[in-house]
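The sequence and the model come first, and a description in running text follows.

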Amino acid sequence: MQAWQVHENGEPGEVMRPTDVAPPTPGDGQVLLRVRAANINFPDVLMVRGHYQVRPPLPFTPGVEICGETEDGRRVIANPALPHGGFAEYALADAAALLPAPDSLDDAEAAALHIGYQTGWFGLHRRAHLEAGETLLVHAAAGGVGSAAVQLGKAAGATVIGVVGGAEKTEVARKLGCDVVIDRRSEDVVAAVKEATDGRGVDVIYDPVGGEAYTQSAKVVAFEGRIVVVGFASGTIPSPSLNHALVKNYSVLGLHWGLYNTKNPKLVQHCHEQLTELAARGAIKPLVSERVPLGGAAAAVQRVADGVTTGRVVLVPGLTEGGAA
């Protein structure tokens with residue numbers, strides 16, 4: 001089978017290599033899945049660089065989120081068992097953790113439903129307890145993680161403010177349903193948020209960026225507001241001033257979604273049921289901006305690494321270079 005392997009850490013475009021290998025052999029409790037589509041996540045980038053908290057043994061195949069097919073033809077969503085990740089024609093996964101792919105989504109959309117939307121759902125509902133009528137600020141609102149949070153926020157009845165970088169991403173965020181869109185490249189984010197909220201600030205902030213985005217968040221969070229920290233795509237991990245949280249009476253909430261898979265897997269299943277229902281009624285739909293043949297994996301992962309993509313970029317092994325399935 002064809003698989004992309006990493007033999008040394010570095011930039012995806014430089015160290016990911018196409019390889020002919022035998023399909024992996026399932027271990028105890030594992031199943032072999034034919035990969036129908038594999039979503040590219042920022043953790044894939046960090047893993048390739050060797051900067052992620054999980055470091056698979058070299059060589060490994062990246063790809064932590066797929067829509068796959070079982071031997072009996074069932075379409076499922078899975079997190080592949082590394083080092084046999086999803087950027088290949090076949091991958092391994094934990095049989096007990098397979099989730100049914102919603103009928104309302106195609107393979108690429110289903111591949112992009114799991115990590116980003118689960119993270120958004122747990123962050124907004126389990127951690128921040130977002131309520132209808134509240135105001136939600138989403139950093140990187142046109143990206144893969146941010147776009148999921150925007151849709152989930154709107155589905156929950158919140159007013160959503162999206163922060164993006166650039167005119168193209170501004171248009172994407174509007175189409176996603178943001179009530180207010182702020183271009184951080186041409187606008188003062190803090191001033192724009194205060195203007196949009198009549199000086200009150202926002203109730204919940206969803207931050208997958210860190211760095212300057214967190215600094216802005218602390219300046220615009222409302223009384224009894226909640227800042228949900230879900231990642232550091234900027235590369236800079238902020239050091240919050242706890243005296244500031246005390247004086248302004250707000251909460252800083254961390255979210256590592258992966259912990260729920262071991263700490264409380266029933267909640268993951270419950271969340272998937274909620275997401276499936278939302279997808280069925282059209283309240284959420286993963287924004288797949290690119291469907292890329294397997295042969296274009298390294299370049300696609302590099303684009304995600306460079307921050308030049310919107311929504312989700314998904315690898316589709318059955319897709320030809322000309323774009324036909």
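A salt bridge is taken here to be a side-chain nitrogen of Lys or Arg within 4 Å of a carboxyl oxygen of Asp or Glu. The model is a predicted one, and every value below is computed from it.

**Salt bridges**

Side chains of opposite charge can pair when their charged atoms come close.

The side chains of Arg74 and Asp72 meet at 3.4 Å, N to O; Arg74 is partly exposed, with a relative accessible area of 45%, while Asp72 is exposed, with a relative accessible area of 57%. In the other, Glu171 pairs with Arg174, and their closest N and O atoms are 4.0 Å apart. Because Glu171 and Arg174 are 3 residues apart in helix H6 (residues 167-176), they are separated by about one helical turn. Glu171 counts as partly exposed, at 39% relative accessibility.

| Salt bridge | N to O distance |
|---|---|
| Arg74 and Asp72 | 3.4 Å |
| Glu171 and Arg174 | 4.0 Å |

Salt bridges also form a network, in which Arg34, Arg36, Glu69, Arg75 and Asp107 are linked.

Which strands does S4 pair with? Strand S3 (residues 30-39) pairs with S4 in the antiparallel sense over 4 bridges, and within this pairing Cys67 of S4 is the bridge partner of Ala37. S4 also pairs with strand S5 (residues 75-78), again in the antiparallel sense and over 4 bridges, and here Ala78 in S5 is the bridge partner of Ile66. S4 and S5 form a hairpin with 5 residues between them, and Gly73 in the turn has a positive phi of about 90°.

**Aromatic rings**

A pair of aromatic rings is described by the distance of the centres and the angle of the planes. The structure holds 2 aromatic pairs. In the pair of Trp121 and Phe122, the ring centres are 5.4 Å apart and the planes stand at 80°, so this pair is edge-to-face. Trp121 is buried, with a relative accessible area of 12%, and Phe122 is buried as well, with a relative accessible area of 0%.

Phe122 also pairs with Tyr260 in a tilted arrangement, with 4.2 Å from centre to centre and 35° between the planes. Phe122 lies in helix H4 (residues 114-127) and Tyr260 in helix H10 (residues 260-263), so the pair ties together parts that are 138 residues apart in sequence. Tyr260 is buried, as is Phe122. Taken together, Trp121, Phe122 and Tyr260 form one aromatic cluster.

Gly144 is found in helix H5 (residues 144-155). Is Gly144 buried or exposed? Gly144 has a relative accessible area of 14%, and therefore counts as buried. When residues up to four places away in sequence are left out, Gly144 touches Gly311 and Arg312. Gly144 and Ile40 are 104 residues apart in sequence, and their C-alpha atoms are 9.1 Å apart in space.

Thr309 is found in the loop between helix H12 (297-306) and strand S15 (312-316), and is buried with a relative accessible area of 13%. Leaving aside its neighbours within four places in sequence, Thr309 has contacts with Lys169, Glu290, Arg303 and Val304.

Key. Residues are numbered from 1 along each chain as its sequence is written. This is a predicted model: local features need pLDDT of at least 70, side-chain atom pairs count only at pLDDT 80 or more; totals for chains, interfaces and linings use all residues. Side-chain values use heavy atoms; hydrogens and water are left out. Helices (H or I, at least four residues) and strands (E, at least two) are DSSP runs, numbered from the N terminus. Buried means under 20% relative accessible area, exposed over 50%, partly exposed in between (1.4 Å probe, protein chains only). Contact means heavy atoms within 4.5 Å. Two strands pair if DSSP finds at least two bridges between them. Rings of Phe, Tyr and Trp (its six-membered ring) pair if their centres lie within 6.5 Å; planes under 30 degrees apart count as stacked, over 60 as edge-to-face and the rest as tilted.
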